[in-house]
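Please keep the sequence and the 3D view open while reading.

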Amino acid sequence: MWERNVDGRTLNFHLSGINNQNFIMRDEETGSWWQQVSGQCIAGPLKGKQLQLVAHDELPFALWKHEQPEGRVLKPDERVAAQYEPVDWEDRYAKLRVITPVDPDDPLKPRDLVIGIAMNGTAKAYPMARLEKLAPVADTLGGTAIVILLDTSKKSVRAFESTVDGRALTFSVKQDTLQIADAETGSNWDFTGRATAGPLAGRQLRRVMVLKDYWFDWKIYHPDTAVY
Amino acid sequence: MNAASPAAARRPAHTVLAWLALWLMAAVLLAMIVIPVYLIMPFKSQTPRAIDLAFNLKRWSPLATVLGLITMVALTIYLWRSGRWFKRTVLVMLMALAALLTWFARQNHFEWMFHPLPAAAFDKVSDATFVNDSDQVMAISVNQEAAAYPIREMAYHHVVEDTVGGVPLVATY
């Protein structure tokens, strides 16, 4: 999810190609090509410019409805709705071919899903399979303490800075719920990173942007990435 | 020497040159169109050089095809007088190819495969019966305005433009 303003100009994007299995977008205004996953301009008059990432996440519709009852939902395009991906699209995508070189010693497979986090010049990939087992996961990335949370469907991932007023908090989640608590103050937190009860009630954890991606794709754009 | 074709009889070298130019032009235009389609094809590995080449060919092909088409029309008119039915058939086919390439240079064939959504429409949560509770959505909230983009729709359109909370955005998948 990218902002469309670049140097004070609003751009309009179209699909225009594929680069190593990631889409290229073309802007109408200058004809430049942009890499969808990195937001970087790779060819044309704006080459080298970077689109601004907008915080967003992927979550089950039920959970989103609960958090945003006043929100709006993208309507299907009736002309092509029959061609939309079936409900089991994730399993089918996982079987698609990968064309970039595969390292035989790599414990991760190219189409393994990872949660990629890049902050303070450091990149790290958290394999979904590990997060599903271990969440909530506390880690330090580029000197910043973070916590990674999963929702009950184990598909939606959010990360937050885990320090409030200079105090590092340790989070735990009651099994199969979204009841989150910190050990230091005993405050309760929700999945949006807001304290709902306890001494810290009303406080908001700083959101850390995550990208759910295939391992091969994340590695192309973050060649120096660490793996959790 | 064929007396029925005085023009060809008089200037055979020019006719040969004109045919050569015509074929060359057709080949260049064809290459300009086919090479980028091939280079940025799905399920292929791309290098930065290939991307640059594809970009430049696509950038200049709308202009190049028009100039090429005009030149080819002129050559065809010149050759038409001296040609017999067989050669005229070849001329017509080359012109048809040039016209097709000129048209294709103005198309975005990726948008044939993945229908764009130029005017995205939205429903309130209560009316969104087209999404199952367990379906994943991409969600965003800017300045108290929240929008969700069901992944099954995004995985088809790939690029959806929107303005949320006053900020122009592009949702990509």
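The model is predicted. Chain A is divided into domain 1, residues 5-43, and domain 2, residues 57-228. Taken over C-alpha atoms, the centres of these two domains of chain A are 25 Å apart. Five residues from domain 1 of chain A and five residues from domain 2 of chain A make up the contact. On the domain 1 side of chain A, the residues touching domain 2 are one nonpolar and four polar, with no charged residues.

In chain B, helix α3 covers residues 48-80. How far apart should its ends be, at 1.5 Å a residue? The 33 residues of α3 of chain B should span 48 Å, and the end C-alpha atoms are 44 Å apart, which agrees. α3(B) bends by about 50 degrees at Ser61(B), and the proline Pro62(B) follows within four residues. Ser61(B) is also one of the buried residues of α3(B), as are Lys58(B) and Thr65(B).

| Chain | Element | Residues |
|---|---|---|
| A | β4 | 13-19 |
| A | β6 | 33-35 |
| A | β7 | 41-43 |
| B | α2 | 12-39 |
| B | α4 | 85-104 |

The largest nonpolar core has 45 residues, and Ala171(B) is among those with the most contacts inside it. Strand β2 of chain B, residues 136-142, gives the largest share of this core, four residues. Leaving aside neighbours within four places in sequence, the contacts of Ala171(B) include Met1(A), Met138(B) and Tyr149(B). A second, separate core has 32 residues, including Val114(A) and Tyr214(A).

Definitions and conventions. Residues numbered from 1 in each chain as written. Chains lettered and ligands numbered in written order. Predicted model: local features only at pLDDT ≥ 70, side-chain atom pairs only at ≥ 80, totals over all residues. Domains from an automatic or database assignment. Contact = placed C-beta atoms within 7 Å. Nonpolar A, V, L, I, M, F, W, Y, C, P; charged D, E, K, R; others polar. Helix = DSSP H or I, 4+ residues; strand = E, 2+ residues; numbered from the N terminus. Expected span 1.5 Å × (residues − 1). Bend = angle between axes of the 7 residues up to and from the residue. Buried ≥ 20, exposed ≤ 12 C-beta atoms within 10 Å, placed from the backbone. Core = buried A, V, L, I, M, F, W, Y, C linked by C-beta atoms within 7 Å.
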